[in-house]
Structure formats: structure tokens, C-alpha cells
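Thanks for passing this one along.

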Amino acid sequence: MKIVNVCILQSDGTNCDNELFYAFKKFGGSPQFVHVNELRDKSKSLKNFDILALPGGFSYGDDVASGKIWAIELISFLRKEIEDFRKKEGLIIGICNGFQVLVRTGLLPFGNLGKMDATLATNDSGHFECRWVDLKVEKSKCIFLQGDYNIGHFAVNHGEGKFLCNIETLKKVETQKLVVFRYVDENGKPTQKYPKNPNGSLNATAGATDPTGRVLGLMPHPEKFVDVTQYPNWRREKIAKPHGSFIFENMIKFVRKTK
Amino acid sequence: MIQKVRVITTVGPDLKGEGVLHDIRSRLGIKSVEKVSAIKVYRLEGLSEKETEILAEKLLSEPINQRYTINNQQQPITIEIAYKSGVMNPEVASIQKAAEDLGIKLLACDSSVEYAFYGNLTKKEAQELVKKLRLFNQLIEQIVFKEPKTLVLKGKVGKTRIVPIRNLSDQKLLDLSKDKFFLNLEEMKVIQKYFRKIKRDPTDLELETLAQTWSEHCAHKTFKAELLVDGKRKAPLLERIKREALKHNKNIVSAFVDNAGVMDFYGGWAINGKAETHNAPSAIEPYGGAMTGSGGVFRDVVATGQGAKAIISTDIFCLARPDMDKSLLPAGTLPPDYILKRVVSAVRDYGNRVGIPTNNGSFHFDDDFRAKPVVLVGAYGILPKSKAKKGKPKLGDVAVVIGGRTGRDGIHGATFSSGEMSERTMEVHATAVQIGNAIEEKRIFDAILEARDKDLIRAVQDLGAGGFSSAIGETGERIGVTVHLEKAPLKYQGLAPWEIFLSESQERMLVILPPKNLNEFLEICKKYNVEVVEIAKFDGSKSLKVFFKKEKVGDLEMRFLYGGLPQRVMKAKSAKGKVQRGKFEKLPVTESEWIRLLEKILNHGDINSKEPILRMYDHNVQGTNALHPFGGIGMDGPNDGAVVRPLLDKPYGLVVAHGLNPKLTRDDPYWGTIWSATEAISNYVAVGGDYKNASLINNYIWPFPDEEWLGKLDTCVDAVCDFMKALKIPVISGKDSLSATYRGSGGFVLHSPPTLVMSVFGKIPDVKKTVSSDFKKVGSIIVMVGKQEIEVDLKVLPKVLDKLHQAVVSGKVLACHDVSEGGLVTTIFEMCVGGNCGAEIKASGEGLFVETPGCFIVEVENEEIAKKLFSKVPFKILGKTRKDERLVVNGLFTADIKNLKEKWQKPMKEIFP
């Protein structure tokens with residue numbers, strides 16, 4: 001079996017790194033923690049990795065805006081490193097704060113490193129939301145999520161997750177099939193209703209990819225549901241397979257197939 | 001020059017502004033204000049306009065939904081709220097970092113919020129509104145009236161003074177103590193005698209160090225005092241607790257010696273726990289107070305042994321009712337609804353950022369908490385058993401301070417001359433309260449864990465109460481230590497050496513290292529952006545020597561510092577109490593009367609649903625939860641405790657729960673204490689905890705211990721010891737806070753209800769063998785297990801706990817919920833909420849509501865199973881679950897669950913929309 005090297009990138013305030021590490025490892029990846037300072041001082045390099053994963057947390061306290069300070073750091077010091085990583089067709093995933101960083105670097109939704117096209121604004125509720133929601137997987141450009149998937153339960157834990165952009169941008173996002181996940185109601189329909197849509201995201205967008213389909217960002221936390229007991233109702237619902245698993249499995253499978 | 005950038009959100013709701021407008025209209029009933037908008041303000045010093053433009057565009061504003069202005073004031077009436085200078089704004093460091101990343105060097109910066117008011121009002125009226133709505137707390141924040149000329153804090157180095165005490169009369173000694181040191185005459189005379197003996201007067205630093213080391217807070221003089229109860233000698237409280245606890249030591253790794261108690265876990269791991277109050281700061285500034293409370297207890301858990309990982313956080317609050325008549329508020333106290341909102345925000349903003357799940361807690365309301373509320377925070381951690389004990393410093397070892405900088409925070413004396421800071425426009429403010437910086441704390445935790453795993457650390461010590469004085473002194477007690485205070489990184493200049501030594505600035509830790517490990521440790525700190533300096537060396541002198549540059553500012557023999565405090569002898573009057581049975585004057589007769597009573601109970605502050613609060617706490621970070629605070633079909637049924645799986649690749653479980661009953665403890669200190677402890681262990685067993693593998697943490701929040709209150713405390717400790725004895729499990733950590741008394745003018749005295757908070761934590765081998773509270777099936781059997789008694793039968797209790805645990809492990813228990821506040825009817829109601837179903841039971845009228853811990857409602861498939869599982873303990877089959885969402889109590893009433901649920905959820909939904 002080919003080794004799939006996963007860079008779990010850390011900064012000050014990263015706090016969902018352990019469970020993300022565990023998720024990749026559980027499905028056969030070889031994760032490694034890398035602090036952003038280790039990339040800056042060149043003691044480690046993205047060259048050696050197949051997947052770059054940006055975990056959830058509060059990078060630099062989410063000061064000014066969530067993920068902003070970390071995004072500026074990445075654009076200022078690691079632009080070349082990231083561009084090279086994209087050229088060699090590495091996969092990138094950003095979860096929660098990681099998604100906020102990807103959007104604020106401009107990598108999502110259009111891959112414009114250094115230019116923001118959308119934002120993740122304060123939840124409509126005005127505060128942090130810790131709850132479970134249902135997500136539908138769209139037929140999207142995302143290159144490693146091309147199958148048919150069931151609606152799944154996912155944890156959300158964020159205060160700034162409202163996907164927001166202007167109407168033209170939103171149209172472009174939709175026509176290019178960049179929306180990967182949407183919040184859905186009891187009937188499996190995309191919803192704007194709180195709390196099933198926990199933040200008021202436009203078009204119920206919970207996650208998005210870029211035009212290459214190799215970058216995925218989402219607010220909900222697939223890494224927090226890769227074991228049955230992580231879900232609050234595991235005692236009463238039959239869980240054939242934990243609902244976050246397929247994302248990690250597919251990423252690893254995809255790398256193995258193409259490496 | 002200072003450049004002022006203002007950032008306005010243009011797309012999407014301005015939630016802050018709209019919230020203020022809503023409050024002006026609904027709470028103050030003022031209609032003349034048409035609109036309020038909130039604007040973020042940044043002040044940047046040392047930049048050109050062009051550089052300012054770059055920062056405003058790239059860092060401070062969002063291109064999609066915000067716009068900015070530079071040095072431009074357009075709004076008609078604006079009120080700006082900023083932190084007072086000297087109060088550290090956590091955002092500043094991030095702005096500086098990002099500016100530097102963009103190649104722009106800032107001299108200084110600050111951020112604040114501005115409210116713009118539109119409508120028919122004057123600036124003065126707007127100011128009044130801001131004050132009335134408490135949009136700022138004067139202790140730490142202020143309205144900005146004048147543009148500051150500079151943001152750079154300056155000051156001269158303070159000097160060390162000699163305090164002549166050798167010739168003071170008793171009265172003068174007392175006067176000196178009263179102002180500053182809070183020691184009694186006997187203690188002051190011991191100090192005087194010591195300095196007479198060594199033939200010199202103390203420095204201010206030495207006196208401050210002694211006062212801090214010998215303070216009630218650090219020395220626990222009451223708990224260590226010899227007691228005379230009604231004239232009869234009794235052993236000190238702490239000694240009694242320890243003596244009983246250490247008899248039950250099969251799981252103890254360390255108890256009463258470290259920052260947290262440690263017990264055995266599985267596979268070479270240990271788990272630790274600690275709970276601590278932060279009442280006084282939270283009473284005057286609930287947001288900063290609760291934040292720094294959380295920060296402190298997290299550090300206690302991390303600074304256990306050679307370093308632990310914090311994995312659970314708990315919060316317990318006792319407050320006056322949020323809707324209490326405000327005219328009852330004593331002078332200088334804050335309204336309870338304000339305190340409630342602010343402490344919740346603090347837990348959210350601090351715990352969430354540090355990334356420790358807040359998955360257990362509770363609220364208790366009694367108007368006697370209106371002056372001195374209880375803010376109790378707990379934390380639990382995991383660490384390798386081989387590193388669970390602190391190494392003893394060896395000759396030549398060094399102590400480094402890591403993390404935040406030292407400021408004037410937490411120092412008692414607000415006696416500095418402001419003249420020293422005259423170069424500042426806004427005066428440097430000495431404050432007992434700080435705003436926590438969660439990310440600073442997270443960084444130091446990350447660094448400590450990496451250093452621990454690389455075997456670099458001898459010991460870790462938290463810098464909490466007493467700061468360097470306490471942490472360095474205690475670690476060097478055996479061997480002696482030399483400290484160089486000038487090395488401590490400072491937030492601003494102007495601190496005298498004693499202030500640096502005593503400062504309680506947050507987010508700092510002391511790490512003891514063998515000198516050969518220093519360089520590698522420094523590298524780790526660099527990686528995590530953690531500031532670190534070597535501040536002390538263990539020197540074999542058996543004394544505490546403190547220098548500021550070349551000047552010796554303190555030299556105390558360890559023997560005197562830690563052994564010189566005379567033991568107190570304290571008198572107490574034995575307590576008498578009686579459990580008030582809470583009899584109903586008149587039981588309801590008609591169905592609608594019954595339902596109204598039930599609605600009233602479910603609406604009560606101690607009982608109503610706290611889900612809106614829990615949804616703002618990140619209780620899911622780390623991905624370790626195996627039992628969430630709420631579960632069931634709508635995820636709205638509350639569970640009794642937390643179960644986490646700290647090692648994701650192992651099934652091992654850590655179970656945490658707690659119990660308290662301030663009202664009952666006020667009526668009857670003995671049975672109130674037993675009730676609290678029983679409630680804690682019942683919550684723990686109800687979710688699947690094994691009581692035989694549990695440890696206890698006891699926290700005493702008590703009025704000032706005069707003879708009467710000390711007598712009650714003595715009874716409370718007796719009850720704790722009896723409880724340990726009955727269950728054969730130990731208390732392994734705890735703390736006392738004996739200042740829950742408010743003294744106002746005109747002889748007004750208010751005692752907060754005496755409160756014993758018992759926390760429980762322990763281990764189970766497999767989280768799959770646990771249970772939640774939501775009913776799982778229709779037509780299954782509802783059983784009550786245990787005795788329905790307020791005065792808990794300690795002989796029967798262990799048997800009940802054991803049987804129930806075995807039943808849960810067998811997998812035959814479908815749901816389980818402990819009976820507590822609100823009685824068994826509330827318990828069954830909550831189980832129906834989780835299951836989206838109903839229940840039909842037979843029960844006597846009064847028996848529905850009696851609040852009896854040690855008693856459980858259990859759902860099993862059928863009667864045979866119930867009989868098989870519980871035949872050796874008291875149990876009673878109450879009835880069955882049913883499909884329609886109705887609660888049927890035979891012969892009394894049928895209530896609609898959805899309607900009851902609405903009443904139960906309403907109060908907190910209103911406070912936390």
C-alpha cells in the first residue's frame with residue numbers, strides 16, 4: 001500500500017488537530033503534525049505531503065475575523081509553497097477554522113490566492129453554535145467525492161460560519177458546481193431555517209470546493225464522527241458507518257489511486 | 001501620530017447594534033432612538049497613511065461585507081468603549097503579528113467598539129443609555145472622551161522600600177496589617193520577632209511575600225486550625241479529610257500534594273481533576289472573573305506532575321434569580337441577570353478558544369447569592385502515570401517563566417502614585433480583574449506537552465495566586481532558590497520589584513528544568529511562539545533570595561517562610577439543623593391544579609432547560625464525548641454527567657459528574673452535605689460510572705467562619721468523612737473559600753448559602769457500557785431504583801449504586817436518569833423529552849416531587865428483567881412508556897409533554913435568544 005502523507009497544520013489556537021490526526025490515521029493515512037513556524041523556518045516542507053489539512057480551532061484567537069491572521073501569514077510567507085503544492089496536485093482540506101482560513105486566503109471558492117471572493121461571516125444567531133446538523137453531499141466538482149452519498153449527521157462548532165458573497169459570485173459558485181455540502185431539513189431539502197441551518201449560510205452552503213476540485217473546505221466537522229460513540233444518539237440509532245468517515249477514506253483512496 | 005481606522009459592516013445584520021437597539025426599546029422603553037450601529041475601531045501608532053491603508057484593507061476589514069474609513073468621523077452621536085490602559089486587550093498581539101507578517105512595523109495599537117446612535121437624542125442621553133444597559137464595566141473599560149496622544153505605556157522602575165516594624169507597638173502592627181496584609185496580631189508579632197532576631201527590618205517584598213504565603217487563601221489556616229467545638233478539642237478539618245481519604249487509596253496516584261488530585265487510569269495513564277471558585281473577581285467583573293477562573297483551573301490541571309492534557313471543563317454557578325427585584329441589590333453589587341449573561345459569555349469565549357470541552361455544569365438560584373455569587377470552575381486531565389508526580393528540583397536546576405507577561409494584575413494594593421505614569425494620557429490602571437487571553441494559554445499548554453513527551457521537565461507549576469512568590473517559593477522550599485526579577489518580561493514599565501513578585505497576571509507558568517535541557521526547551525517554546533526566560537536557580541541555600549539586578553530585595557529562610565506560621569486554635573459552636581421537608585401546604589386537587597404546579601416546577605431556575613447555554617459552549621471539541629450533555633431524538637433531553645474517551649484509539653472512559661444543594665445545606669449542614677455528595681455520585685452512576693473506581697473533589701464555599709459558621713463547617717466536614725467511609729472512596733482534591741459574607745453599611749450583613757460542591761470523576765474500561773437518559777422504546781417498563789429519602793441511607797446507597805452499575809454494564813438498561821431537583825416527575829418528564837414519547841405511572845401525590853438523590857428512574861424492556869436486575873435493592877415498578885407524548889399519572893392528571901416542554905425551555909431561551 002502506498003503511504004499517504006498528511007500534513008496536519010497547526011498554529012496558535014488550533015484545537016481540533018488531534019481528532020483530525022486520528023481520523024486520517026484510522027483510514028490508513030500517515031498524518032504528521034506540522035506547526036506553521038516549521039514551514040516558515042523551512043525545517044519542514046509541504047513537498048513531502050500528499051494532503052494538507054487545516055484543522056478547526058481559534059487560530060490566533062480569531063482576532064479581527066476568524067482565520068484572518070493565519071490566512072495573512074500563509075499568503076505572506078508560504079505563497080510559493082502552497083502554489084507548488086497545488087501544482088503537484090496535492091489535496092487540501094480545511095475544516096471549520098481551516099475553511100475560514102481557506103476562504104480568507106482566497107483559495108476557496110475560486111483558487112485566487114491572495115484575493116477574497118467570499119467570506120464566512122458571524123452566524124445569524126450572533127453567537128457560537130455547538131450542535132448537530134444534517135448534510136447533503138452535492139454532485140460537485142470535488143474530485144474525491146464523486147459517488148452517491150447519504151445524508152449524514154455532522155457536528156458544527158463555530159461562531160462565524162455564514163457563507164456570504166455577492167449574487168454574481170454565488171451564481172458562479174453554483175454554475176461551476178463548487179458547493180459540496182448543504183444543510184438540509186428533515187425532508188432532506190436545503191434549508192435556511194435555524195437551527196438546521198445553524199448560521200444562515202447563503203443557499204445553505206456548508207462546504208465548498210475550488211474549480212480544480214482538489215481543495216475542500218467545510219464548516220461542519222467530519223473528523224468528529226469517525227467512531228460510533230462520537231455521535232450523541234449512538235445508543236438509539238443504528239449507525240452502520242460513522243458519517244464523517246467517507247471523506248477521509250475517499251481522500252486517501254484518491255491519493256493512492258493517482259500517486 | 002495615531003491613525004484611527006473604523007470598520008463598518010455593510011452586508012448582513014449588525015447584530016451588536018441591533019441588540020442594543022432592541023434593549024433600548026424593550027428594557028428601557030425608549031422609542032426615540034431609531035437605529036444603533038456598532039463600529040469596530042482600531043488605533044494604530046507609528047504608521048504612515050499609506051501603511052494604514054494597507055492594514056485597513058488587508059487585515060482590519062473584510063472586502064465582502066465591510067467598509068472602512070481612516071481618520072474620519074461621520075456619525076452623528078457616537079460613544080466609544082475601550083479597555084482602560086493597563087488592561088491587556090488580547091487582540092493587540094494578533095494585530096501586531098499580522099501587521100509584521102505584512103511587513104509593517106507598528107509601534108503600538110488598540111481596538112475598541114463604537115456605538116453610533118441615530119434618532120432624536122443628545123450625546124449625553126446616549127451616554128446614559130450606554131451606562132444603563134451596562135455596555136461596559138467601569139472596572140476594566142471606559143468611555144473614550146479624548147483621543148489618546150500615545151498608546152505606548154511608560155513608567156519608571158519602582159523602588160524597594162524598607163518597612164521598619166521591629167519597634168512598632170501592637171496597635172501599629174495591627175494597623176499595618178489591616179491596610180494591606182490581613183494577618184492577625186499573633187502572626188504579625190511572629191514576623192516582628194523574626195526580624196528582631198535577625199537584626200534588620202524587612203523589605204516591602206519580604207513582608208508581602210510572608211503575608212501572601214500566610215494568607216488564608218494560600219495557607220488554609222481555618223482548615224488547618226485546631227478546633228474547639230463547644231469547648232471540646234477536635235482535629236483540624238483538613239487532617240480529618242486526609243485521614244479518611246487515604247484509607248481508600250487503591251486508585252490514588254497523588255492526593256492533596258499537587259495542583260490537582262491524580263488517580264489511576266488504564267494502560268499506564270492517570271487522570272487528574274481540580275475545581276476552584278473565582279467568586280470575588282466574578283462578583284465585580286463577571287466576564288473577566290469567570291474567564292480567569294477557567295484559565296486558572298485549566299493551568300492547575302496542566303501543571304500537575306510534569307504536565308497533563310486538559311480534557312474536560314465544568315462550570316457551576318450559584319446566583320440570585322435573574323428576575324429578582326433589583327431594589328434588593330446591596331450597594332456595589334451587580335444585577336444577577338447581568339452576571340448570568342457575562343459568566344456564560346466568559347465560559348464560551350475562554351473554554352471554546354482553549355479547546356477544552358465544557359460538558360458538565362449546573363446553575364442554582366437563590367436570592368441570598370445576590371451579593372456573593374458562586375462561580376466554580378472545574379477541569380480534568382490525562383497524563384502518563386510515570387509523569388504524574390512532580391520531580392524535586394535539584395541543585396543547579398533552573399526555573400523558567402513561560403507565557404504571558406507580568407503586569408500589575410491582581411495585586412491588592414491600588415496605592416501606586418499615578419504620577420509615575422504621567423506620560424500616559426489614560427492612566428495605567430491597577431486592577432484586580434483581567435481579561436483572559438485564551439490563546440496565550442493554549443500556546444503554553446502545547447509547549448508543555450511537547451516538552452513533557454521529550455522528557456525535558458522536572459516539574460511544572462502554575463503561576464496563580466501569589467504569582468512568582470508562591471510558585472517559586474513553594475518549588476524551592478526544600479532546597480533554596482535565587483530569583484532575578486529584572487528578567488521577568490513585563491507588560492509595561494513601572495512595577496516595583498514586590499509587584500513583579502506578587503503579580504497574578506494570567507497565562508504564565510513556571511517550568512523547572514535540569515540545566516542540560518534548557519536549550520531544547522527554548523526551541524520548543526520558539527516553535528509555539530511562547531515567550532520564555534530563565535528567572536530562578538535552585539541553589540541549596542535553603543532560603544528564598546530575591547534580586548532586582550544587583551540589589552538584594554528579599555532574603556527569607558525557607559524554614560521561617562513555610563514553617564513559621566503558628567497554627568490557629570479556633571472556637572466553634574456545634575451546628576444544629578433540621579431538614580425542611582418542603583411539605584406542600586396544600587396538595588393540588590384538580591387536574592389543572594396539578595398541571596399548573598408541574599409547570600411552575602419545570603419553569604424554576606434550578607430545573608428549567610439550560611440547553612441554550614450549552615449550545616454556546618463548545619462541548620464537542622477534541623472529539624472525545626461518548627455522552628453529550630443533551631441527547632435524544634430532538635437532542636434536547638439532558639444527561640446526568642459527562643463520559644469522554646480521552647484516548648481516541650482506546651475504549652477507556654472518564655466519567656465526570658457533580659452535586660450540590662445550597663438551600664438544604666443552609667437548613668441542615670449535615671444532611672445537606674450528604675445530599676450533595678449523594679447527588680454527585682448518583683449522577684455519576686446514572687450514566688454508567690462505577691462508584692468503586694471514583695474519586696471525589698470537595699469545594700467549600702462558606703460564610704466567614706465565626707463560631708457559628710465554623711460549627712456548621714465542622715459538621716459539613718464530618719458529613720464528607722462519613723460519606724467517604726460509607727462508600728469507601730476518597731476525596732483527592734479540593735479547596736475552601738470562606739468569604740461568602742457581604743457586609744454593607746448600617747450593619748447590613750448577607751451570608752450566601754453555605755455550599756459544598758462535590759465533584760466526582762473516575763474510570764470505566766469501555767464507554768460502550770454507558771447509558772443516556774432518553775426513553776428508547778414504547779411500552780417498556782419504568783422502574784424506580786433506590787430509596788426515596790432526603791436523609792440518605794448510607795448503608796443502602798452503596799448497594800443501590802453497585803446493582804445499578806452492574807445493570808448498566810449488562811446492557812439491559814435502556815435509559816437511566818437520576819432523581820434530583822423537581823423530584824421523580826421531573827426526571828420522567830425529561831426522559832420523555834429525550835424520547836419524544838410519553839409515560840404512564842402510578843405514584844402518590846407528594847412522592848412525585850420529593851427531591852431524593854440516590855434514587856433512579858430506569859427504563860428496562862419488561863418486568864422480569866427489572867426483577868432480575870434489582871431484586872436485592874429497594875425498587876418499585878412505576879409504569880410504562882407510551883407512544884403519545886403525554887405524561888399520565890394515574891388518578892391525578894394527564895399532561896401534554898410538548899406543552900410542559902415549552903414551559904421548561906422558555907426561561908433560558910428568553911435570556912439567551
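This is a predicted model: local features need pLDDT of at least 70, side-chain atom pairs count only at pLDDT 80 or more; totals for chains, interfaces and linings use all residues.

1. Let me begin with the overall build of chain A. The chain has seven helices and eleven strands. Its radius of gyration is 17 Å, close to the 18 Å from the globule rule for 259 residues, so chain A is as compact as a globular protein of that length. Along the principal axes, its C-alpha atoms fill a box of roughly 50 × 40 × 35 Å.

2. Of its 259 residues, 59% are buried. Among contacts in chain A with a separation of 6 or more, 74% join residues 24 or more positions apart.

3. Now to where the two chains meet. Chain A brings 48 residues to the contact and chain B brings 52 residues. On the chain A side, at least two residues each come from α1 (17-26), α2 (36-40), α3 (68-77), β5 (119-122), β6 (129-137) and β7 (152-158). Which element of chain A gives the most to this side? That is α3(A), with six residues. By type, the chain A residues that touch chain B divide into 19 nonpolar, 16 polar and 13 charged.

4. Turning to chain B, an unreviewed UniProt entry has a "binding site" annotation that covers K274(B), N698(B) and G734(B). These positions span 461 residues in sequence, yet no two of their C-alpha atoms are more than 9.2 Å apart, so they gather at one spot.

5. K274(B) lies in strand β11 (residues 269-277) of chain B. It counts as buried because 29 other C-beta atoms are within 10 Å, where the cut-off is 20 or more. Leaving aside neighbours within four places in sequence, K274(B) is in contact with several residues, including N259(B), A260(B), D300(B), G378(B), I697(B) and S733(B).

6. N698(B) sits in strand β28 (residues 694-701) of chain B. Is N698(B) buried or exposed? It is buried, because 26 C-beta neighbours fall inside 10 Å. Not counting residues up to four places away in sequence, N698(B) touches V720(B), V731(B), G734(B), L756(B) and M758(B). G734(B) in that list carries the annotation discussed above.

7. UniProt, again in an unreviewed entry, also lists R299(B), Q434(B), E504(B), S505(B), Q506(B) and S737(B) under "binding site". R299(B) is found in helix α12 (residues 286-302) of chain B. With 28 other C-beta atoms within 10 Å, R299(B) is buried. Beyond its neighbours within four places in sequence, R299(B) is in contact with D462(B), G464(B) and M509(B).

8. What about its burial? S737(B) has 20 other C-beta atoms within 10 Å and is therefore buried, since the cut-off is 20 or more. Setting aside neighbours within four places in sequence, its contacts are T277(B), N279(B), Y700(B) and I701(B).

Technical notes:
Residues are numbered from 1 along each chain as its sequence is written. Chains are lettered from A and ligands numbered from 1 in the order in which they are written. Two residues are in contact if their C-beta atoms, placed from the backbone, lie within 7 Å. Helices (H or I, at least four residues) and strands (E, at least two) are DSSP runs, numbered from the N terminus. Ala, Val, Leu, Ile, Met, Phe, Trp, Tyr, Cys and Pro count as nonpolar, Asp, Glu, Lys and Arg as charged, and the others, Gly among them, as polar. UniProt positions are given in the numbering used here, feature names are shortened, and annotations may be inferred rather than shown by experiment. A residue is buried if 20 or more other C-beta atoms lie within 10 Å of its own, exposed if 12 or fewer, and partly exposed in between; C-beta atoms are placed from the backbone. The radius of gyration is taken over C-alpha atoms; the globule rule is 2.2 Å times the number of residues to the power 0.38.
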